[in-house]
Amino acid sequence: MVTRKLPDSVETRMRELFDARLNLDDEPLSQEQLADAVRTAEVLVPTVTDHITADILNQPDCKLRMIANFGNGVDNIDVAAAVARGITVTNTPKVLTEDTADMTMALILAVPRRLIEGASVLTEGKNWAGWSPTWMLGHRIGGKRLGIIGMGRIGQAVARRARAFGLQIHYHNRRPVAPVIADELGATYWESLDQMLARMDIISVNCPHTPATFHLLSARRLKLIRKDAYIVNTARGEVIDEETLTRLIEAGDVAGAGLDVFEHEPAVNPRLVRLAKAGKVTLLPHMGSATIEGRVEMGEKVIINIKTFLDNHRPPDRVLPSML
């Protein structure tokens, strides 16, 4: 059972290989529909918008043997509950790294340089009197300090791009990266997230959402950030206390933000929308991994995981609770 519309080539291959039920209307499934799916399907292919909870999985008539997630993150799945029932969980890692890093870099550029605000002058019927030496001034990013939260594959890809733009690379991670990587990126490691936050010009959130990272940027930590600093988030909205961040930007205690993800998406805080219209933040509708190439590669990984599992072998992208 595939819960959302996937690229045509992926769906066609799934139909060729498996007895696959597709969601051609692309309407999100309700919790009741997901519960019906686990009662009738052996393999479920959900996405980030499908919340596979313990209640859904802990049904006496659950037929499910595998959850092949169409996505890198698995915070939409209760992995521990699945594994406890003998259900194999997989994801699609290493596919979205470059696409997400590209979008992160785009936001790092867009927010200080006021790109969306400037474009709206031409597209929303505003009066543009022509070039002026002091009009629509932003901030240079070369020479600024970028603090990356989460120096995994995506964080490192962001660092490589940012270094090419002249940014100084700093990072906080559960542990330092290998010395050869740190040397390549010229990256400074901060064991203390609090100390790093207080010193950065731009902060990029690139860590996964887990119980340990929920509101990692809490109200207390957000208040450590400098008034002239910017925050970019292309990871998960739940990592940031969005209400506090909104309030700080409104008060001028944080310069601005570039957000591709939101704490309660698809709902977006109306106050953030107002800040976007005022040019204080740049908002995108979860587009970080939205490339045709990336989506097809994700689908191909899902197919490989399912085929390997049905052939009674260990899927290459199996996820275990100990990995989270």
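Colleague: How far apart do the end C-alpha atoms of residues 105-288 lie?
Modeller: Bear in mind that this is a predicted model. UniProt, in an unreviewed entry, lists residues 105-288 as "domain: D-isomer specific 2-hydroxyacid dehydrogenase NAD-binding". The span is 34% helix and 15% strand, and its end C-alpha atoms are separated by 10 Å.

Colleague: Thanks! Which side chain of opposite charge is nearest to Asp99?
Modeller: Asp99 belongs to helix H5, residues 97-113. Leaving aside residues up to four places away in sequence, Asp99 touches Gly288, Ser289, Thr291 and Gly294. Asp99 is buried but has no salt bridge. A salt bridge would need a nitrogen-to-oxygen separation within 4 Å, whereas the nearest side chain of opposite charge is 6.8 Å away, and that is Arg295.

Colleague: Good to know. How many disulfides does a search of the whole structure find?
Modeller: Such a bond would be covalent and join the sulfur atoms of two cysteines. Cys62 is buried, at 15% relative accessible area, and Cys207 is buried too, at 8%. Searching the whole structure for disulfides gives a total of 0.

Colleague: Now the open sheet of 3 strands: which are its edge strands?
Modeller: The strand order is E1-E2-E3, and the pairing is parallel. An edge strand here pairs on one side only, which is the case for E1 (43-44) and E3 (88-90). The edge strands are therefore E1 and E3.

Colleague: And which residue in E2 stands opposite Leu44?
Modeller: Happy to finish there! E1 and strand E2 (residues 66-68) run parallel and are joined by 2 bridges. Opposite Leu44, the residue in E2 is Ile67.

Notes:
Residues are numbered from 1 along each chain as its sequence is written. This is a predicted model: local features need pLDDT of at least 70, side-chain atom pairs count only at pLDDT 80 or more; totals for chains, interfaces and linings use all residues. Side-chain values use heavy atoms; hydrogens and water are left out. UniProt positions are given in the numbering used here, feature names are shortened, and annotations may be inferred rather than shown by experiment. Helices (H or I, at least four residues) and strands (E, at least two) are DSSP runs, numbered from the N terminus. Buried means under 20% relative accessible area, exposed over 50%, partly exposed in between (1.4 Å probe, protein chains only). Lys and Arg count as positive and Asp and Glu as negative; His and the chain ends are not counted. Contact means heavy atoms within 4.5 Å. A disulfide is a pair of cysteine sulfur atoms within 2.5 Å.
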